[in-house]
Amino acid sequence: MKKIKNSGNASDFPYKGEVNNKPSETVPDQTMTMREILTRYAKGQSIDGVKIPLWEEGEGFAKDPETLDLAEREELATQAREELQQINERIKQSKLKPHNKQTLSDDNQE
């Protein structure tokens with residue numbers, strides 16, 4: 001007969017837990033309050049544990065995106081999309097070039 005585990009007979013079943021011997025990957029002072037999480041969610045921002053974005057002065061944004069108006073944010077988003085598209089095209093081309101060279105060299109050997 002099959003036993004069913006419930007709160008009355010839980011002690012009859014051995015605990016099959018896990019042992020965690022790895023070091024913690026928690027970064028101190030990087031936790032967000034529930035209010036911060038909900039605010040970021042409502043604004044459409046990422047909730048991946050990064051509290052404050054770090055912007056390098058040399059490249060990227062010269063201004064803090066939080067202080068820009070909607071038109072400036074839209075312009076930055078458009079520029080970022082175009083830059084991402086160019087990067088993806090370069091990645092595609094770089095993946096195709098070695099493949100074509102290998103195919104040509106394979107064809108020449110036969």
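Student: What share of the 110 residues in the protein chain is buried?

Tutor: Buried residues make up 5% of them, and keep in mind that this is a predicted model. The chain exposes about 11000 Å², with carbon and sulfur atoms supplying 54% of that area.

Student: How many helices and strands does the chain have?

Tutor: There are 2 helices and 0 strands.

Student: Why is helix H1 said to lie largely in the open?

Tutor: Count the buried residues: H1 covers residues 34–43, and of its 10 residues the number buried is 1, so the helix lies largely in the open.

Student: Let's go to the segment before H1, where Asn9 sits. Why is Asn9 called buried?

Tutor: Buried means under 20% relative accessible area. Asn9 has 19%, so Asn9 counts as buried.

Student: What makes the pairing of Asn6 and Asn9 a polar contact?

Tutor: The distance is part of it: a polar atom of the Asn9 side chain lies 2.8 Å from the backbone nitrogen of Asn6, and the cut-off is within 3.5 Å.

Student: Lys5 is in the segment before H1 too. How do you know whether Lys5 is buried or exposed?

Tutor: Exposed means over 50%. Lys5 has a relative accessible area of 54%, so Lys5 is exposed.

Student: Which residues is Lys5 in contact with, leaving aside neighbours within four places in sequence?

Tutor: Those are Ala10 and Phe13. Contact here takes heavy atoms within 4.5 Å.

Technical notes:
Residues are numbered from 1 along each chain as its sequence is written. This is a predicted model: local features need pLDDT of at least 70, side-chain atom pairs count only at pLDDT 80 or more; totals for chains, interfaces and linings use all residues. Side-chain values use heavy atoms; hydrogens and water are left out. Buried means under 20% relative accessible area, exposed over 50%, partly exposed in between (1.4 Å probe, protein chains only). Helices (H or I, at least four residues) and strands (E, at least two) are DSSP runs, numbered from the N terminus. A polar contact is a pair of N or O atoms within 3.5 Å; within protein, one must be able to donate a hydrogen and the other to accept it, and residues adjacent in sequence count only if both atoms are side-chain atoms. Accessible areas come from the Shrake-Rupley method with a 1.4 Å probe; for residues, only the protein chains shown count as cover.
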